[in-house]
Amino acid sequence: MKFSVIFEAQLADPTVDREHQLFRDCVEQAVLAEEMGFDRIWAVEHHSLKWYAHMSAPEIFLTWVAARTSRIRVGHGVVCMPFRFNHPARVAERAATLDLLSGGRLDLGAGRGGTRQETSLCGVDKERTTQEVEEALRIIGKAWEKDELEHHGPLLDIDPHPILPRPAQTPHPPLFLACSRPETLRQAAELGVGALVMGFAGPDSIAQMRRAYDTAIAERTPERLVSSVVNDHFSVLCPTIVLDDRETARGIGIRGQRFFAQSIGHWYGGAGIPDEAVVEGADEAAEMRRAAEQVVARLNEQRIPVRPSATATFNADHAYGTAADAIAYVERLRDAGADEIMCLIQMGTVPQEACLETLRQWGRTVIPHFREAGTD
């Protein structure tokens with residue numbers, strides 16, 4: 001089993017000074033993650049999503065981190081692949097350059113960037129995002145199969161052109177797809193790319209998603225594959241804060257997750273802006289339950305079916321607490337079928353020292369537990 005850290009660059013109170021410090025803090029965390037034995041970092045790509053994600057140029061962030069480290073892998077989790085965000089040929093060029101300069105350490109995930117806020121910024125057609133992501137993966141998957149790329153698909157025509165430079169990994173860095181629904185899990189499996197499971201629903205849901213992914217792998221046919229190299233890797237999100245004091249860790253972690261859930265609700269569901277106030281001594285678990293109840297009430301009022309995904313972001317059953325608590329939770333994710341644990345630590349209200357201490361606790365206790373057990 002592999003261990004990674006994912007960065008959104010969330011910011012509860014986004015002044016310019018805090019934003020600049022946030023990026024320096026994320027770099028500090030990424031460098032420490034290598035020291036603590038993590039296998040990989042991931043960086044998202046989002047645009048104009050104030051509070052939720054200020055990571056709009058992950059290729060720059062990942063390059064900076066790669067230059068500051070020597071071993072840890074650097075991953076796009078994900079590149080927004082609709083063509084008006086990033087033309088697939090340009091994605092291939094950038095990815096190859098970072099891969100060769102990092103010594104073959106890049107992983108490349110694809111996603112839609114489908115909020116109205118983002119698509120309106122770049123003129124993306126929301127109705128075409130799923131098709132454009134798949135076609136982009138096909139183009140990248142064959143970009144270096146021959147001396148020149150030629151592609152004639154349903155959405156793009158590219159006459160023969162060399163794609164320069166070539167990546168260090170052959171034929172290309174491992175490919176992934178962001179997955180939050182059964183449809184995208186099946187798509188990832190059929191295309192032969194890894195699944196980045198970004199949901200908060202917990203081990204039981206992860207087990208169901210793993211079964212769906214494996215079923216689609218068993219049923220896929222070769223003509224759907226996007227590359228000659230298949231990547232059946234299943235990475236799952238793990239929100240976590242680990243400190244010596246269990247209750248302090250849970251309070252910080254659940255408050256950070258509540259902020260994250262509010263941010264998602266704002267940009268994806270039209271809810272109000274995130275509540276930035278941190279109340280001393282507040283029962284954060286109770287606040288999470290109340291927030292989930294409000295979401296359910298709002299959806300019922302609008303006669304929208306309440307699906308598990310609607311409230312999953314408010315599920316507080318994650319790796320919050322001591323190192324022993326984190327180990328127990330990761331064991332549940334492992335048993336559910338996780339190949340990789342993606343630690344979500346840097347949530348908008350979490351102080352930098354809590355992020356750093358969480359990385360230290362994972363590196364000193366949690367990761368060694370699984371390495372020694374032979375499950376890495």
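1. Where does Trp 144 lie? Trp 144 is in the loop between helix 5 (129–141) and strand 5 (149–152). Helices (H or I, at least four residues) and strands (E, at least two) are DSSP runs, numbered from the N terminus. The model is predicted: local features need pLDDT of at least 70, side-chain atom pairs count only at pLDDT 80 or more, and totals for chains, interfaces and linings use all residues. Residues are numbered from 1 along each chain as its sequence is written, and side-chain values use heavy atoms, with hydrogens and water left out.

2. Overall content and confidence. The protein chain has twelve helices and eleven strands. Its mean pLDDT is 91, and 89% of its residues reach 70 or more; pLDDT is the predictor's confidence in each residue, from 0 to 100. Over residues 297–306 pLDDT stays under 50, and the model has six contacts beyond four places in sequence for this stretch. Contact means heavy atoms within 4.5 Å. Where pLDDT is low, the predicted coordinates should not be read in detail.

3. Of the 376 residues in the protein chain, 55% are buried. Buried means under 20% relative accessible area, exposed over 50%, and partly exposed in between (1.4 Å probe, protein chains only). Among contacts in the protein chain with a separation of 6 or more, 75% are between residues 24 or more positions apart.

4. The surroundings of Trp 144. Trp 144 counts as buried because its relative accessibility is 7%. Not counting residues up to four places away in sequence, Trp 144 touches Ala 92, Ala 96, Ile 163, Pro 165, Arg 166, Pro 167, Pro 171 and His 172. Pro 165 is 21 residues from Trp 144 in sequence, and their C-alpha atoms are 9.5 Å apart in space.

5. Two cis peptide bonds. The peptide bond from Leu 164 to Pro 165 is cis, with omega near -5°. Thr 170 and Pro 171 are likewise joined by a cis peptide bond, with omega about 0°. Pro 165 is found in the loop between strand 6 (157–161) and strand 7 (175–179), and Pro 171 lies in the loop between strand 6 and strand 7 as well.

6. Two positive phi values. Most residues other than glycine have a negative phi, and most peptide bonds are trans. Ala 9 has a positive phi, near 60°, and sits in the loop between strand 1 (2–7) and helix 1 (16–35). Ser 48 has a positive phi too, near 65°; its place is in the loop between strand 2 (40–43) and helix 2 (58–68). Ala 9 is buried, with a relative accessible area of 0%, whereas Ser 48 is partly exposed at 38%.

7. The nonpolar core. The largest nonpolar core has 114 residues, of which Phe 38, Ile 41, Phe 61, Ile 341 and Trp 362 touch the most other members. Such a core is a set of buried Ala, Val, Leu, Ile, Met, Phe, Trp, Tyr and Cys residues joined through side-chain atoms within 4.5 Å. Helix 12 (residues 352–372) gives the largest share of this core, eight residues. Leaving aside neighbours within four places in sequence, Phe 61 is in contact with Phe 7, Cys 26, Val 27, Ile 41, Ala 43 and Met 55. In soluble globular proteins, nonpolar side chains tend to be buried together.

8. Ile 367 counts as buried at 3% relative accessibility, while Thr 365 counts as partly exposed at 34%. Beyond four places in sequence, Ile 367 is in contact with Phe 3, Met 36, Gly 37, Phe 38 and Trp 362; for Thr 365 the contacts are Ala 323 and Ile 327. Thr 365 and Met 36 are 329 residues apart in sequence, with a C-alpha to C-alpha distance of 9.9 Å.

9. A helix pair. Helix 6 (residues 182–191) and helix 7 (residues 203–219) pack at an angle of about 35°, with their axes 8 Å apart. Axes are lines fitted to C-alpha atoms, for helices over the stretch in contact, and angles run from 0 to 180 degrees between N-to-C directions. Leu 185, Arg 186, Ala 188 and Ala 189 in helix 6 meet residues of helix 7, including Met 209, Tyr 213 and Ile 217.
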